[in-house]
Each structure stands twice: as structure tokens, then as C-alpha cells.
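Me: I have a structure open and would like to go through it step by step. Could you help me read it?

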Amino acid sequence: MDTEQLLRMALRQNWVKVKLQPIVDFERGEVSGYEALARIEHPTKGTISPGRFIPVAEETGLIRQLSDVVMAQAVALAADEGLKALHPTGFSLGVNLSALQLHDPALPDRIAALLEREGVEPSCFKLELTESAVMADPKSAIDIITRLRQLGMKVALDDFGTGYSSLAYLRQLPLDILKVDRSLVSGLDSHPDKYAILEMVLNLSAKLGLKVIVEGIETQEEFLQVLSLGGGFGQGFLFSKPVAPHELPEVHQRVK
Ligand code: G
Ligand code: G
Ligand code: MN
Ligand code: NA
């Protein structure tokens, strides 16, 4: 079956499931939020990764439908009593937006309506936009980012360090959070160039008032390097891979 057929089937059969990957607040030593990551859970073929079906969803226009499913699950999780019980002081939840969604000016208000219906505080909801998606059409991206923030949501620039947005450009984007791509982190302890770049990104972000989440932390050595540079938040296999929501209580025990 080709991927388009598989995706259509998955949407019809409710095989699209959101997994959550914890984001760790180093200072507090606890999980402060999650990134929602879509999967197709096929009954016989197993888990199919978004690396395969997101590009097809974009090419075929199925991305709108897929995003609605992901968004609905994410908002329901943000309102989930079991998850809230794990986080007495609240938690944030991030969802990825694809480049095509940055051409949908009604999107921010649709998300806000969904949040309101479920009783989720908008400031707990975060949208992740990749650098390349923003740079493909900066004007429209800025309009959407501005509206999302007017509505109280947070906006993160994802995969930072892989694209070509100039540092000067960062200043013009109304962002809350920078997510440093894992390519800048892998082997951090043995690559002085990566260390220097990460140092600069963290310093600059502090000056611009941006919160930074360092992605792709896989080893204790990388974690220690990030800490020594003053990084405040991280995400990566060292802490937890993306997991099904029911697995989270166990993950919390481990990260603490
Ligand atoms: O989870 P994994 O590493 O397999 O994800 C691969 C890529 O797919 C990542 O770049 C991630 O941002 C993207 N992705 C995962 N879920 C979604 C989603 O719901 N929407 C969009 N647009 N991208 C997603
Ligand atoms: O592009 P984006 O940042 O949204 O992609 C997130 C993806 O990165 C997730 O699908 C997740 O599976 C993957 N990921 C998360 N942590 C790690 C990690 O520590 N190492 C590697 N190689 N991939 C990771
Ligand atoms: Mn992301
Ligand atoms: Na990323």
C-alpha cells in the first residue's frame, strides 16, 4: 500500500495517535511539558513514523485533516485530569505546524476556540514552527505567529540551527521559545565548534528574552555540556523517548 492510501486509511480508522516527549526543566529537575508527535499505529504493520507520512500529507492536502486530528488529541491531553495530576503547577504542550498551515490565516482562531471549549489555558499551549517553514514565507508566518500570541499561545522556532535564518532575522520574529536542533547537540562534548555555536545561541537568546529548549540530548556528557553553558530546558532520549500518554506516570518517576 502506498503512503497516501495508508494515510487515508489511518485517518478513517483512527490509527493516528499522538505520543508525548517530555521536556525537562533542569533547574526544577522535573518535566515541565511535552511535545506532541504524531504516529500511525497500524494494527499489523506497527508504528509508522511522521518522517514518512507528513511529507505525503503535505503533498496531497491531507495535512489539514491530519492536523485537526493531532490538534484535537493534543488539546484533549492538555485538559486530561490524569496528566494534570502529575503537574500540580501546570505543564505546557507543544504541537508541530507544517509549512502549509502557515498559509491558513484562520488557524490561530480555530485553535483558540478548541482550547476554550476544552477549558485549556492558551498560555499552556505551544506551536512549533520550523525555521525553514517560516523562511519560506516570512510575511504570512509573522502574521500567524502574531495572532497566535495575541490569543495567548506560545510560539517556538523548531529545528533552529539547521536552516539559514540569519541571527538578525530572529530579532524580527515575535517568538517565545527557540528549540535548538539536535544536530548541534550530538557529540557536543567532542566538537568544540558545536559548543561555541550553542554558547552563542544561548547567550543571544538570553539577551533577546527567548527561552531555549535544547533538543536531542542523548548522553550524560551532552547533558553536562548543555548545563555548563547555562541551558535551562532539554528534550532527548536521555530523559525519555516519545511515549504513549499512559506511560507518563512511570517516566515521571524516572526523571525525578
Ligand atoms: O517523531 P519523529 O522524530 O519521528 O518526527 C519526525 C518529524 O515529524 C519531526 O520533524 C516532527 O516535527 C514531525 N512531526 C511529528 N508530528 C507532527 C505533526 O503532528 N505535525 C507536523 N507538521 N509534523 C510532525
Ligand atoms: O523536528 P522536531 O524537533 O519536531 O523532531 C522531534 C523528533 O526528534 C521526534 O520525533 C523525536 O523522535 C526525535 N528525537 C527526540 N529526541 C531525540 C534524541 O535524543 N535523539 C534523536 N536522534 N532523535 C530524537
Ligand atoms: Mn518539534
Ligand atoms: Na527540532
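Me: Is β6 largely enclosed or open, and why?
Reply: Strand β6, residues 154-160, is largely enclosed by the rest of the structure, because 6 of its 7 residues are buried.

Me: Is Lys207 buried or exposed?
Reply: Lys207 is exposed, because 9 other C-beta atoms lie within 10 Å of its own, and a residue counts as exposed at 12 or fewer. Lys207 belongs to helix α9, which runs over residues 192-208.

Me: How far is Lys207 from Gly236?
Reply: Their C-alpha atoms are separated by 25 Å, and the two residues are 29 residues apart along the chain.

Me: Back to the strands. How do β1 and β2 pair?
Reply: Strand β1, residues 16-25, pairs with β2 in the antiparallel sense over 10 bridges. One of the paired positions is Ile23, whose bridge partner in β2 is Gly33. The two strands form a hairpin with 4 residues between them, and Gly29 in that turn has a positive phi of about 65°.

Me: Which residue does Gly33 face in β4?
Reply: Gly33 stands opposite Ser92 in β4. Strands β2 and β4 pair in the parallel sense over 4 bridges.

Me: How is β2 joined to β3?
Reply: A hairpin joins them through 3 residues. Strand β3 consists of residues 46-48, and its pairing with β2 is antiparallel, over 3 bridges. Ile40, for example, has Ile48 in β3 as its bridge partner.

Me: New topic: the ligands. Which residues are around ligand 1?
Reply: They are Leu37, Ala38, Ser49, Pro50, Gly51, Ile54, Val70, Asn96, Leu97, Ser98 and Pro242. The elements that give two or more residues to this shell are β2 (30-42), α2 (50-60) and β4 (92-97). Helix α2 gives the most, with 3 residues.

Me: What about the interior? Which residues have the most contacts inside the largest nonpolar core?
Reply: The core has 64 residues, and those with the most contacts inside it are Ala36, Val70, Ala74, Leu129 and Val180. Helix α3, residues 63-78, gives the most to this core, with 8 residues.

Me: What does Leu129 touch?
Reply: Leaving aside residues up to four places away in sequence, Leu129 touches Leu97, Leu102, Val134, Ala141, Val155, Leu157 and Asp158.

Me: Finally, what confidence scores does the predictor give?
Reply: The protein averages a pLDDT of 94, and 98% of the residues score at least 70. The complex receives an ipTM of 0.97 and a pTM of 0.96. Where pLDDT is low, predicted coordinates should not be read in detail.

How values were computed:
Residues numbered from 1 in each chain as written. Chains lettered and ligands numbered in written order. Predicted model: local features only at pLDDT ≥ 70, side-chain atom pairs only at ≥ 80, totals over all residues. Near = placed C-beta within 6 Å. Pairing = 2+ DSSP bridges. Core = buried A, V, L, I, M, F, W, Y, C linked by C-beta atoms within 7 Å. Buried ≥ 20, exposed ≤ 12 C-beta atoms within 10 Å, placed from the backbone. Contact = placed C-beta atoms within 7 Å. pLDDT = per-residue confidence, 0-100.
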